[in-house]
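Please look at the aromatic side chains first, and then at a pair of helices. The paragraphs below take them in that order.

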Amino acid sequence: MSNQIRLLVGLANPGPEYARTRHNAGAWVVEELARVHNISLREESKYYGLTGRIMANGQDLRLLIPTTFMNLSGKSVAALANFYQIKPEEILVAHDELDLPPGVAKFKKGGGHGGHNGLRDIISKMGNNKDFYRLRVGIGHPGDKNKVANFVLGKAPAKEQECIDAAADEAVRCMDILLKDGLNKAQNRLHSFKAE
């Protein structure tokens, strides 16, 4: 099995006031995956998150949406990964990405945190191992770095939200390709997609 991914994490801030904000785009992917596989995510306090389990392409895959705040995401990821002895290379983290426009999502393996507080905390809690997979869900950029905090915590206009949702849906479809045929094939399909 070329890509043994055992844990899929969707980053978000907890609470209803953040539910549809751009920063939660990673969680929407995990929620959609849970919906497609007809499972409910349940609160697990020992992992500081909502968890579930699916079988995808014959692989046992754990789903996790941390219920910590974004900048403490690593606490949740490390708690579950350590318990199940899941290595960083077996984790995929779905997160919002300022450097991609709405309607675009991309897979990537390894790399820095790019200023994303959720990724920054996961890297530090995983012993500075950056070698996990990422699913970058484009949310666009406000054009000024001083506006980023309000932008990611704001809701996208309806048209942009449709594009983000479409890219998240496509990413869920490409997840099967990733698990079955590996990163390159999944990238080829997902990276050619753009919701208009």
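Predicted model: local features only at pLDDT ≥ 70, side-chain atom pairs only at ≥ 80, totals over all residues.

The structure holds 4 aromatic pairs. In the pair of Tyr47 and Tyr84, the ring centres are 6.0 Å apart and the planes stand at 45°, so the pair is tilted. The two residues come from distant parts of the chain, 37 residues apart: Tyr47 sits in the loop between strand S2 (42-44) and strand S3 (49-56), and Tyr84 in the loop between helix H2 (73-83) and strand S5 (91-97). Phe83 also belongs here, as ring pairs link Tyr47, Phe83 and Tyr84 into a cluster.

Charged side chains also lie over aromatic faces. Lys75 is placed over the face of Tyr48, at 4.4 Å from the ring centre. Arg20 lies over the face of Trp28, at 4.4 Å from the ring centre.

Trp28 leads on to the helices, being one of the H1 residues in contact with H5. The axes of helix H1 (residues 25-36) and helix H5 (residues 158-181) come within 9 Å and cross at roughly 55°. H1 and H5 are therefore oblique to each other, and their crossing is right-handed. On the H1 side the contact is made by Ala25, Trp28, Val29, Glu32, Leu33 and Val36; on the H5 side the residues include Ile164, Ala168, Val172 and Met175.

Note on methods. Residues numbered from 1 in each chain as written. Heavy atoms only, no water. Phe/Tyr/Trp six-rings, centres within 6.5 Å; stacked < 30°, edge-to-face > 60°. Helix = DSSP H or I, 4+ residues; strand = E, 2+ residues; numbered from the N terminus. Lys NZ or Arg CZ within 6 Å of the ring centre and 35° of its normal. Axes fitted to C-alpha atoms, helices over the stretch in contact; angles between N-to-C directions. Parallel < 35°, antiparallel > 145°, perpendicular 65-115°, else oblique. Left-handed = near helix turned anticlockwise from the far one by under 90°. Contact = heavy atoms within 4.5 Å.
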